[in-house]
Amino acid sequence: MNPQQIIIIGTGRLPCSCLEACLARPVPVAGCIESGSQGFSPLAALCRKRGVAYQLMLDQKSLSQYFLSIRQPTLVVSAYNYFIFPREVLENPALNIINFHNSLLPRHRGRNAPTWSIYEMDEITGITWHQVHPAVDTGDVIVQKSIAIDGDITALNLTLQTLEVAAAVFMEILPSLLNHSYTCTPVRNDGRTSYHRSTDVPHGGVLDPEWTVKQAYAFLRALDYGKFKVFAPPKLHHLGTDWSITGYQIRPADPGQRDGSAVAFQGRQLRLRDREAELLINCD
Amino acid sequence: MTDYLSNTALNDIFAILKTIRPELDFSRSRDFIAEGLLDSFDVVTLVSALDKKYGISIPGTEIVPDNFKNLETIETLLRKSGAKL
């Protein structure tokens, strides 16, 4: 059934891009919803500018009731949205709900997928637009797009990269979403699927000085969301003292010291070194 | 806007904003947040760039919309965070 209206739910710039794309199409946008906000809402501003109804709905029950009340065939675009659609909402026959996920499903289902992609040193990640099913991030895949992971990228920057790709891909698939001409593929189970909760932290948030430089660097980048408090600062246990890691820097190993791996703690800095690189980790 | 940006710090902030969101015209905005020019990712990227530029560490608790409404509020935040402007 072709949708008679569109509703967008999400936060940040991705739902804005989706809204702009939808407004260029003949199917009306009935409204945009934000289910979480830290006060920075380009979506609210864009809705005001474009005359689209906007609601900030933080209460899960209200969100459920809102979606249960819809009777018109509706395409619901979940774009960087943390509201988990309950089963009764998914059973509303008027709704066709699609969701953006920032990994190549079935890899890294759940929260903070860029963190896990970096921590597990995946070479490739990507984005998935998929149908929403009752189990989180298991719905049939509409489209996926790969992104090569740069060896220096942080979780923050990888998150931004996935959002940009997701916006571009949404524009490509929108026509087929509106005339329901797209096909879906069940998520292939390659045996490497994993589900991460928001409370899960790589290695419990503690750096192991026995790691290789590459692994330690991946761990630090995986937890690096700049000043976003996605995770507590990474920790380090050294000689009976708990340290908070406040910064890090990688540089090529000194050619004169290419004599294998080494670990040194001087002052408030841990230095991990191997033949290729030296990782300087500042602690407090 | 040229006079308004004669202050070096304001010029620097303006230049950083342009690198973060080159497609947007910050010179015409009086309220970057209300007009939707910056989202939370942009603000965190801006804070990292300002930290680096001025050798400071803007506290996470200061990352609130009121501090990023325009060039003046960002400049005030920089001074409050110890930047030598």
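The structure is a predicted model, in which local features need pLDDT of at least 70 and side-chain atom pairs count only at pLDDT 80 or more, while totals for chains, interfaces and linings use all residues. Residues are numbered from 1 along each chain as its sequence is written, and chains are lettered from A and ligands numbered from 1 in the order in which they are written.

The secondary structure of chain A comprises 7 helices and 15 strands; helices (H or I, at least four residues) and strands (E, at least two) are DSSP runs, numbered from the N terminus. The C-alpha trace of chain A extends over about 70 × 35 × 30 Å along its principal axes. Of the 284 residues in chain A, 39% are buried. A residue is termed buried if 20 or more other C-beta atoms lie within 10 Å of its own, exposed if 12 or fewer, and partly exposed in between, with C-beta atoms placed from the backbone. Among the contacts in chain A with a separation of 6 or more, 63% link residues 24 or more positions apart. Two residues are in contact if their C-beta atoms, placed from the backbone, lie within 7 Å.

Chain A consists of domain 1 (5-178) and domain 2 (203-283), with bounds from an automatic or database domain assignment. The centres of the two domains of chain A, taken over C-alpha atoms, are 34 Å apart. In chain A, 9 residues of domain 1 are in contact with 10 residues of domain 2. On the domain 1 side, helix 5 (113-119) and helix 6 (155-178) of chain A each contribute at least two residues, and helix 5 of chain A gives the largest share, 3 residues. This side of domain 1 holds 6 nonpolar, 3 polar and no charged residues. Here Ala, Val, Leu, Ile, Met, Phe, Trp, Tyr, Cys and Pro count as nonpolar, Asp, Glu, Lys and Arg as charged, and the others, Gly among them, as polar.

Strand 7 (residues 124-131) of chain A is mostly covered, with 6 of its 8 residues buried. Strand 7 of chain A pairs with strand 5 (residues 95-101) of chain A in the antiparallel sense over 4 bridges, two strands being paired if DSSP finds at least two bridges between them. Strand 7 of chain A is also joined by 7 bridges to strand 8 (residues 141-148) of chain A, again antiparallel. A:W129 of strand 7 stands opposite A:F100 and opposite A:V143 in strand 8 of chain A.

An open sheet of 6 strands in chain A has the order 10-11-12-15-14-13 and mixed pairing. Its edge strands, each pairing on one side only, are strand 10 (206-207) and strand 13 (262-266) of chain A. Within chain A, strand 11 (residues 235-238) and strand 12 (residues 241-252) run antiparallel and are joined by 4 bridges; A:H237 stands opposite A:D242 in strand 12 of chain A.

The 24 residues of helix 6 of chain A should span 34 Å at 1.5 Å a residue, and the end C-alpha atoms lie 33 Å apart, which agrees. The expected span is 1.5 Å times one less than the number of residues. Helix 6 of chain A bends by about 40 degrees at A:E172, and the proline A:P175 follows within four residues. The bend is the angle between axes fitted to the seven residues ending at a residue and the seven starting there. Buried residues of helix 6 of chain A include A:L156, A:L163, A:F170 and A:L177. After helix 6 of chain A comes A:H180, with a positive phi near 50 degrees.

The contact between the chains takes 14 residues from chain A and 17 residues from chain B. On the chain A side, helix 2 (42-50) and helix 6 of chain A give two or more residues, with the largest share, 3 residues, from helix 2 of chain A. This side divides into 7 nonpolar, 4 polar and 3 charged residues. Helix 2 of chain A has A:P42, A:L43, A:A44, A:A45, A:L46 and A:C47 as its buried residues. Their cover includes helix 1 (13-23), strand 2 (29-34) and strand 3 (54-56) of chain A. Just after helix 2 of chain A, A:G51 has a positive phi of about 65 degrees.

In chain B, B:L50 lies in helix 2 (residues 40-54). B:L50 is buried, because 21 other C-beta atoms lie within 10 Å. B:L50 touches B:I16, B:I58 and B:L78, not counting residues up to four places away in sequence.
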